[in-house]
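Subject: Structure handover and notes

Hi,

Here is the structure I promised you. Please open it first, then read the notes below.

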Amino acid sequence: MPEEFIIAEDLDLAWSNFEPFYPLPANSPFHVERKGKPLNRLKRALLRQHRQSPKYFFSGHRGCGKSTELNRLAADSKINEKFFIVKYSVKEVCDVNNLNYVDVLFSIGAQLYIQYIDSGKELKPELIKQLEGWKHSIEKISEKETSIEASIDGGLRTFFLSVLARIRSEDTTRKTIKEIIEPRLSDLIDKINLIIANIESNEKKKVLVLIDDLDKPRLEQAKEIFYNSQTAITQPICHIVYTVPISIFFTQEFTAIRESKFFLPNVKLHSKNDRNSKDEEGYRLMRQFIFNRMKAELIQPDALDLAITMGAGVFRENARIMQIAADSAIENDRDQIIEEDVKRAEREIRSDFKHILKTQDYATLTEICKDNDFHGIEKIGRLLHNLSVLEYMNDETWCDIHPTLVELVEND
């Protein structure tokens, strides 16, 4: 078993095992299966017959496990039997702080080409000729606008990688590339669809593109991509799963994607309007999440329950709590996490929230804390995005504030 998946017998390794930003690969022994296996609904939808290749919009709170679930989806045997899969993180190939729909579409075309060629496969010579012609036309236009022609001169793979590098790292050149490609968007979409058709013909499979980390852009960017540019991003003729920010679910623009949405819920730890109750199934799952990574004797029982409560049923939040608590125990020369270590993590996370919450947010948080209900989509979207408000599901959808904020709100 790889070293990074060894159950920790000391707090140093436990700290490493709770890395918050590390999506688990498929079949990791650290993984825990949610009640109801919510990913199966998306899997069933992909495996069904469709008259047109569908586009699905996959969301959930930051840190709820979307990347891990997409890794598992990409490794699923039935999915691989039906699809040639192209999976990538948009933040690794684009600048998510300045992302637009042209960047997204170009990244799809680039990754289709690069990942297919890198898998040792070949596209038809006549298609390569068409792509070369399109490449040269982009280079010719760019010569008049910018000095990037030297860096994108070369083969198709070099061309795609170089343009992606410019999109990711240089704002001025990125804008110039957008100005070159956007007026010729139909050409880009045509080339994407030719690559898809060629791959499907060669492989005798459909193409499935899984795009992770598209939930990272700001809400206004997400609206521009998924609402204002929805026609463009649904033009590729393959199956696509787009990750989207949860905040867009609480806007009027949500209507554009609601029929094709898939939501990965948080783990429910208490009932609506009863914060003192304890959902035993939720606590059992989160205990398993912790004990898959470290030995039970490394944490006292009362500290364990508090860590789960403060983690709010969000895997990354729970990992943050455990990392801070483990470091606190190490700092104090303890070989076991105690309640005070978890309280230190609680204080640190609450302090982080204080830096990002606006004065008017406290009234909204107070209302939600009292009745666990939504109070106007115009107020709640940003709070869901920054995790100060969290959504849960059972027979109905409800929400609560992050548990580290309860003390702050009740004493406000």
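At roughly what angle do the axes of helix H14 and helix H16 cross? Find residues 280-291 for H14 and residues 315-331 for H16. Their axes cross at roughly 55° and come within 11 Å. The crossing of H14 past H16 is right-handed. On the H14 side, the contact is made by Leu285, Met286, Phe289 and Ile290. On the H16 side, Phe315, Asn318, Ala319 and Met322 make it. Sort the residues of this contact by class and you get seven nonpolar, one polar and no charged.

Before you go on, keep in mind that this is a predicted model.

Helix H15

Next, look at helix H15, residues 301-311. Its buried residues are Ala303, Leu304, Leu306, Ala307, Ile308, Met310 and Gly311. What do they pack against? The buried residues of H15 pack against H14, H16 and helix H17 (339-356). Residues three or four places apart point the same way, because an α-helix has 3.6 residues a turn.

H15 also crosses H16. Their axes come within 8 Å and cross at roughly 140°. That makes H15 oblique to H16, because only angles over 145 degrees count as roughly antiparallel. H15 passes H16 in a right-handed crossing. From H15, the contact uses Ala307, Ile308, Met310 and Gly311. From H16, Glu317, Asn318, Ile321 and Met322 take part. By class, the contact of H15 with H16 has five nonpolar residues, two polar and one charged.

Check the residue after H15 as well. This is Ala312, and its phi is positive, near 65°.

The sheet

Now turn to the strands. In what order do the five strands of the open sheet lie? The order is E2-E3-E4-E1-E5, and the pairing is parallel. Strand E2 (83-89) and strand E5 (261-263) are the edge strands, and each pairs on one side only. From one strand to the next, the twist averages 20°.

E2 pairs with strand E3 (residues 206-212) in the parallel sense, over seven bridges. Two places to look at: Val86 has Val209 in E3 as its bridge partner, and Ile85 stands opposite Leu208 in E3. Helix H6 (residues 101-118) packs on the sheet. H6 touches E2, E3 and strand E4 (239-243). The direction of H6 makes about 125° with that of E2.

Is E2 mostly covered or mostly open? E2 is mostly covered, with six of its seven residues buried. As a general rule, side chains in a regular strand alternate between the two faces of the sheet.

Leu47

One last residue. Leu47 sits in helix H2 (residues 39-47). Is Leu47 buried, partly exposed or exposed? Leu47 is partly exposed, because its relative accessible area is 27%, and buried means under 20%. Leaving out residues up to four places away in sequence, Leu47 touches Lys78, Ile79 and Lys82. His385 is 338 residues from Leu47 along the chain. The C-alpha atoms of Leu47 and His385 are separated by 31 Å.

Best wishes

Definitions and conventions. Residues are numbered from 1 along each chain as its sequence is written. This is a predicted model: local features need pLDDT of at least 70, side-chain atom pairs count only at pLDDT 80 or more; totals for chains, interfaces and linings use all residues. Side-chain values use heavy atoms; hydrogens and water are left out. Axes are lines fitted to C-alpha atoms, for helices over the stretch in contact, and angles run from 0 to 180 degrees between N-to-C directions. Helices (H or I, at least four residues) and strands (E, at least two) are DSSP runs, numbered from the N terminus. A crossing is left-handed if the near helix is turned anticlockwise from the far one by less than a right angle, and right-handed if clockwise. Contact means heavy atoms within 4.5 Å. Ala, Val, Leu, Ile, Met, Phe, Trp, Tyr, Cys and Pro count as nonpolar, Asp, Glu, Lys and Arg as charged, and the others, Gly among them, as polar. Two strands pair if DSSP finds at least two bridges between them. Buried means under 20% relative accessible area, exposed over 50%, partly exposed in between (1.4 Å probe, protein chains only). Angles under 35 degrees count as roughly parallel, over 145 as roughly antiparallel, 65 to 115 as roughly perpendicular and the rest as oblique.
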